[in-house]
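Trainee: I am new to this structure. Can we go through it step by step?

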Amino acid sequence: MSEFAKEEKVKSEIEAKFGGAVSNALVQRKNRVWLDLAPEKLPELMAWLKAAGYNHLATVTGFDEGENLGAYYHATDTRIIITVKVKTPRSNPVLPSVLKSFPGAVSYELELQDMLGIKVDGLPAGLRRYPLDEDFPKDEYPLRKDWKVEEYIAKNPLFKPEAK
Amino acid sequence: MSKITIPLGPQHPALKEPENFMLVLEGEQISGATVNLGYNHRGMEKAAENRTYIQNLYLIERVCGICSHSHTTTYITNVEELAKAETPRRALAIRTLFAELERVHSHLLWLGVAGYEMGFETLFMYTWRDREQVLDCLELLSGNRVHYSINTLGGVRRDVSAEQKAGVIKRIDYLIERTNYYIKLATEEPTVYARTSKVGMLPPDVAIERGAVGPTARASGIARDVRKDEPYLIYNELDFKLITHNTNDVFGRLVVRALELVESYKMIKEVLNNLPEGPIAVKVPMRIAPGECVNHYEAPRGEDIHYLKSNGTDKPERLKVRAPTLANLQSVAYMMEGGWLADVPLVIAAIDPCMSCTDRAVVWDPKKGKKQVYGWEELRKLSIEQYKRRGVDFSRL
């Protein structure tokens, strides 16, 4: 479509460069491009995006898809938002870090670790956890669908002052 | 000289927002800084998954005290995109009006805080007095000073009448006059320049690398503004300048915000004088068909971005919110390194991390047709009585 020439152009460039690793690439509407990516290619694609002018990683959305855990990287040149989706198995969720290209993403990656339990390979050691509290259980991940607020409240005496 | 590490915050590092900075000092000079966050995590993204789209509107409004309209507008743009709703043009214009009034209120508040942090308390008193005018505008239009709740699915909740329009324009005219004085002050007063120049430097390449947004990025010469880059609401029809400055320091951030005020006044008048006719809302179904979308918005502090995924029910599958301050905090650590301890509050305040305010309420009795204004003491008394009825006694506290 000539209507979305710029979007189609970046989509086909990514497909040409990363061939087998990219699937379901889609121009959703003006200024929105979505694609799925094999996780091992993530740092390489993010470096390519940065060099191509998509130098602002707006945020990373973590998502519980059931069998897999997903992370959606929203990179933008402030006009076109390219959302790169990667998946990692729930049994052993690990994703490579993109800090080499986007050093500002450190809080987004910490959030993936804390909220969904996706281990991010390549985060510097010695960082405090974010965004959860220091004494929040280390093996519970609130944004997973099987984590229920009611259960957490029920087993935590802090929330029941009348029971003291 | 030996190094010493001191914590700054989480209690009131510069503003009332809890955040912690670990500063490595060599004498009075900072040789390293790390930012620690998460003291205010409220689990809103999880909470949003258990609420309907309309309930979420009121939850999202409370993400931030000042950017309440920014967050709901971003959220609602996503919901309307997924529901394929055709929002009436008059509603979009009214949302734009509120967005710019909110920017004025936020920037005036910031000017005051900046004045306070640089030891120029007269400026703080002046701008906060003048800020009351824009809060009055918001109250006049929506009934509320801070959480305006003007947005609803498919449009806005209240229309703008001719009297309201006149009331807003009268106040904006006063603010234009005052702001011209502040711009003169910010750009010509030697003490302001001496205190803010070369403080909290952020070169453009670092700003891009660390993902800075909003006035913080624009003061480093980066022309980044969602209103221009991907116009939403009715910004593509409005005439306004994208303000940038190239000094990369707190002085630049001061000038950018002061000049942006002028652009906002221009837009407010333009919107009010050209309000399109027509309805202010359309109906949006309770259930939203499965889909996903991402939208951004230029909040007073910078780019605010939301991701929304729907699953065919009346509740979202996933809502992701990234507020502008989170994007800017990575730059703050850089700004502080190599600087002086005494500059820290000014540097932190210069990205305008947010805070909220409200301590009064008006109760209207429709049966008696009476209005009563409750002050802090009365509200406190009422709440103590209410808890007493439930068996909890706070009266001795």
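Predicted model: local features only at pLDDT ≥ 70, side-chain atom pairs only at ≥ 80, totals over all residues.

Trainee: Which residue in the turn between β1(A) and β2(A) has a positive phi?

Mentor: Strand β1 (residues 22–29) and strand β2 (residues 32–37) of chain A pair in the antiparallel sense over 5 bridges. They form a hairpin, with 2 residues between the strands. The turn residue with a positive phi, about 70 degrees, is Asn31(A).

Trainee: What is the bridge partner of Leu26(A) in β2(A)?

Mentor: Look across the antiparallel pair of β1(A) and β2(A). In β2(A), the partner of Leu26(A) is Trp34(A).

Trainee: Do β2(A) and β5(A) pair in the parallel or antiparallel sense?

Mentor: Strands of a sheet pair through backbone hydrogen bonds, in either sense. Val33(A) has Ile82(A) in β5(A) as its bridge partner. Over 6 bridges, the sense of β2(A) with β5(A) is parallel.

Trainee: Which strands stand at the edges of the open sheet in chain B?

Mentor: This sheet has 3 strands in the order β1-β2-β3, with antiparallel pairing. The twist from one strand to the next averages 25 degrees. An edge strand has a single partner, so one of its sides lacks a neighbour in the sheet. The edge strands are β1 (4–8) and β3 (29–36) of chain B.

Trainee: How many bridges join β2(B) and β3(B)?

Mentor: Strand β2 of chain B covers residues 20–26. Met22(B) has Thr34(B) in β3(B) as its bridge partner. The antiparallel pairing of β2(B) with β3(B) counts 7 bridges.

Trainee: Why are α6(B) and α11(B) roughly antiparallel to each other?

Mentor: Helix α6 (residues 162–188) and helix α11 (residues 250–273) of chain B have axes 10 Å apart. Angles over 145 degrees count as roughly antiparallel. α6(B) and α11(B) therefore qualify, with a packing angle of about 160 degrees.

Trainee: How many nonpolar residues are in the contact of α6(B) with α11(B)?

Mentor: α6(B) passes α11(B) in a left-handed crossing. The contact includes Ile169(B), Ile172(B) and Ile176(B) of α6(B), and Leu254(B), Val255(B) and Leu259(B) of α11(B). By class there are 2 polar and 2 charged residues, and the nonpolar ones number 17.

Trainee: Is the crossing of α5(B) and α6(B) left-handed or right-handed?

Mentor: Helix α5 (residues 121–142) of chain B and α6(B) have axes that come within 10 Å and cross at roughly 160 degrees. These two helices are therefore also roughly antiparallel to each other. Their crossing is left-handed.

Trainee: How many charged residues are in the contact of α5(B) with α6(B)?

Mentor: Among the residues that meet are Asp130(B) and Asp136(B) in α5(B), and Arg171(B) and Arg178(B) in α6(B). The classes include 10 nonpolar and 4 polar residues. The charged ones number 4.

Trainee: Which element supplies the largest share of the side of chain A that touches chain B?

Mentor: 26 residues of chain A are in contact with 24 of chain B. β3 (56–64), β4 (68–76), β5 (81–89) and α3 (106–116) of chain A each give at least two residues to this side of chain A. By class, the side has 14 nonpolar, 10 polar and 2 charged residues. The largest share, 6 residues, comes from β3(A).

Trainee: How many Å separate the centres of domain 1 and domain 2 of chain B?

Mentor: The domain assignment gives domain 1 as 44–350 and domain 2 as 361–397. Taken over C-alpha atoms, the separation of their centres is 33 Å.

Technical notes. Residues numbered from 1 in each chain as written. Chains lettered and ligands numbered in written order. Axes fitted to C-alpha atoms, helices over the stretch in contact; angles between N-to-C directions. Helix = DSSP H or I, 4+ residues; strand = E, 2+ residues; numbered from the N terminus. Parallel < 35°, antiparallel > 145°, perpendicular 65-115°, else oblique. Left-handed = near helix turned anticlockwise from the far one by under 90°. Contact = placed C-beta atoms within 7 Å. Nonpolar A, V, L, I, M, F, W, Y, C, P; charged D, E, K, R; others polar. Domains from an automatic or database assignment. Pairing = 2+ DSSP bridges.
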